[in-house]
Amino acid sequence: MHELAISGVGSIPVRRDLEAPLLDACVQVAREAITDAGLGLAEVDGLFVTPARMSGDPWLMFVANLAEYLGVKTKGLQCVENGGASALLTLRAAMDAVAMGRCRHALVIASDTRPMLDTNHFESFVRNVVFTATSLYGPVYAIAGLGTPIPIYAMSHQRYMHEYGVSEAEIAMSSVRLREHAAMHPEAQFRDIITVDDVLTSKKLSPPIRLLQAASISAGACAVVVSRADETTADKRPRVELTGYGEHHHESHFVPRQGSITTFESVKVAGQEALAQAGRTPQDIDVAEVYGVFGATELILYEDLGFCEKGHGAQFLADGRSTWGGDIVINPTGGRMSFGHPAGATPLYEVVEVVRQLRGDAPGKQVDGASVGLVHAEHGMMNGSVVCVLEARGG
Amino acid sequence: MNPMEVFTGQALEQFGSLASKEFHRRLHEDRKLCATQCQDCSETAFPPRLHCPACMSDSISWVEISAASQATLYAFTTQSRGLRFTAPEVIGVVEIPDVGLIISPVAGTMADLQIGQALSPEVIDIHEGLSFYRFVPA
């Protein structure tokens, strides 16, 4: 088994829609990541991607289309999908290929476009939303008529307040803090400073969740190159190695029949596995990007990943312990609620940010001396999680 | 029938399992909300299925979730934009001893309902060919 490094990263800003067609956006981030790794296209021998769209019309053999358009010959060509965790599972496919010696430099591209629902044609619009919901929630729960999973997260939020005695205003502070982070990040979609009052008077989606406590549906694309650690080019900057990986999937999908909706087994188990493999504790982490798609979810993740005690996430955040000057900087991008959320690409954007932080290459928002980072992604409502630990070496 | 219901029927046909089809038939024809239970290890499953998710046995029986099942309201909300049961109608998670947590529409208002209150199930008609369940305050 070979030791692994992220040798190159590339990204475009997260926005409402892509500026260029999807194939061209993918080429742009691929070129940036390959160049950043000090490689040429001929040295890339694996291509691993997320699906072309997380919902909407299928794009058959997208990865083969993209390989041809890029002009890359590979020993591994694969598209991986499982909801919000897709991009980190795609990264794992690349990690496996490089660790086993199948590939030397595997290119990972993750992207998402907003679903282009045909609202001008009523029947095709209705067919799309009904079929999407039935595939997502299954043929029993489909009749409950859930559109997005916001109501499910709203019930987690309600239970969190009920079980731990946390107020709406305390949870709203997570949106405020993340917006402060996004304001410093040029790739973030939502950068105007907001107050707790703004959050608590924004549009009700599913009570207690309001608009400013919810991740957007956005578009974006980013890429990384996974290389053998001993084959990264000599460079003055630190090499970023993948030192820990954890993955755990509970058997449930959205609501666990037996279990909790305010603490998540998959987050705890995947986090512990990744930290143990790296020989690290949560307190060793300098910078983290986590998949907090709603206000209370964000805080639950801080707790379940071990950055603070259970039920203390809001206090931890309010005390400034999750931002610059605190114990750790969590979601320096602005997180899912302010960075913008192209779900298919989000977890790889998290990796890109942590790599830049560990290289000391995050001007204007650098976490001083960051040497150990963590990323987390999930699917369903935290029914499955993937956690990676990344560390700066040398430089 | 409106397009929503035509496509719902097609989607249930396409994504359905043998168990989900029997579940919907029991709701619509027998007017019963059912889970499945393993006859070998007693594990209950919801949504229902024709094998046991604990021991893989295919010896399965259907068990009714009734007013005697001691259901309580675990959490509840509404949705401003949903396919059905949109605001002010309430969507909840219901806790049922021996079954666990299930998603269900709940009769009542956001102002009146409370976590922990007792509920009982009832069958409701979506249209002439399809029924569903909801829970109402007991």
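Reader: At what angle do helix α6 and helix α9 of chain A pack?
Author: This is a predicted model. In it, α6 (residues 168-183) and α9 (residues 295-304) of chain A pack at about 85 degrees, and their axes are 8 Å apart.

Reader: What do you call that arrangement of α6(A) and α9(A)?
Author: Roughly perpendicular. Angles of 65 to 115 degrees count as that, so the pair qualifies.

Reader: Which residues of α6(A) and α9(A) meet?
Author: From α6(A), A:I171, A:A172, A:S174 and A:S175. From α9(A), A:G295, A:A296, A:E298 and A:L299. The residues of this contact divide into four nonpolar, three polar and one charged.

Reader: What about α3 and α12 of chain A, how do they cross?
Author: Helix α3 (residues 86-99) and helix α12 (residues 346-358) of chain A cross at roughly 65 degrees, with axes that come within 6 Å. α3(A) and α12(A) are therefore roughly perpendicular too.

Reader: And which residues touch there, in α3(A) and α12(A)?
Author: A:A87, A:L88 and A:L91 of α3(A) meet A:T346, A:P347, A:L348 and A:V351 of α12(A). Six residues of that contact are nonpolar, one is polar and none is charged.

Reader: Changing topic. What is the strand order in the ten-stranded sheet of chain A?
Author: β3-β2-β4-β7-β1-β8-β12-β11-β9-β10. The sheet is open and its pairing is mixed.

Reader: Which strands stand at the edges?
Author: β3 (77-79) and β10 (329-330) of chain A. Each has a single partner strand, so one side of each has no neighbour in the sheet.

Reader: Do β2 and β4 of chain A run parallel or antiparallel?
Author: Parallel, with four bridges between β2 (residues 46-49) and β4 (residues 105-112) of chain A. In one of them, A:G46 is partnered with A:A106.

Reader: How many bridges join β8(A) to β12(A)?
Author: Ten, and those two strands run antiparallel. A:G246 has A:V387 in β12(A) as its bridge partner. β8(A) also pairs with β1(A), again antiparallel, over three bridges. There, A:L4 is partnered with A:L242.

Reader: Why is β8(A) said to be largely enclosed?
Author: Because nine of its eleven residues are buried.

Reader: Which strands does helix α1 of chain A lie across?
Author: β1 (4-11), β4 and β7 (220-228) of chain A. Helix α1 (residues 22-36) runs at about 135 degrees to β1(A). Helix α8 (residues 265-278) of chain A also packs on the sheet, where it touches β8 (239-249), β11 (372-379) and β12 (384-393). The direction of α8 makes about 145 degrees with that of β8(A).

Technical notes
Residues numbered from 1 in each chain as written. Chains lettered and ligands numbered in written order. Predicted model: local features only at pLDDT ≥ 70, side-chain atom pairs only at ≥ 80, totals over all residues. Pairing = 2+ DSSP bridges. Contact = placed C-beta atoms within 7 Å. Axes fitted to C-alpha atoms, helices over the stretch in contact; angles between N-to-C directions. Parallel < 35°, antiparallel > 145°, perpendicular 65-115°, else oblique. Nonpolar A, V, L, I, M, F, W, Y, C, P; charged D, E, K, R; others polar. Buried ≥ 20, exposed ≤ 12 C-beta atoms within 10 Å, placed from the backbone.
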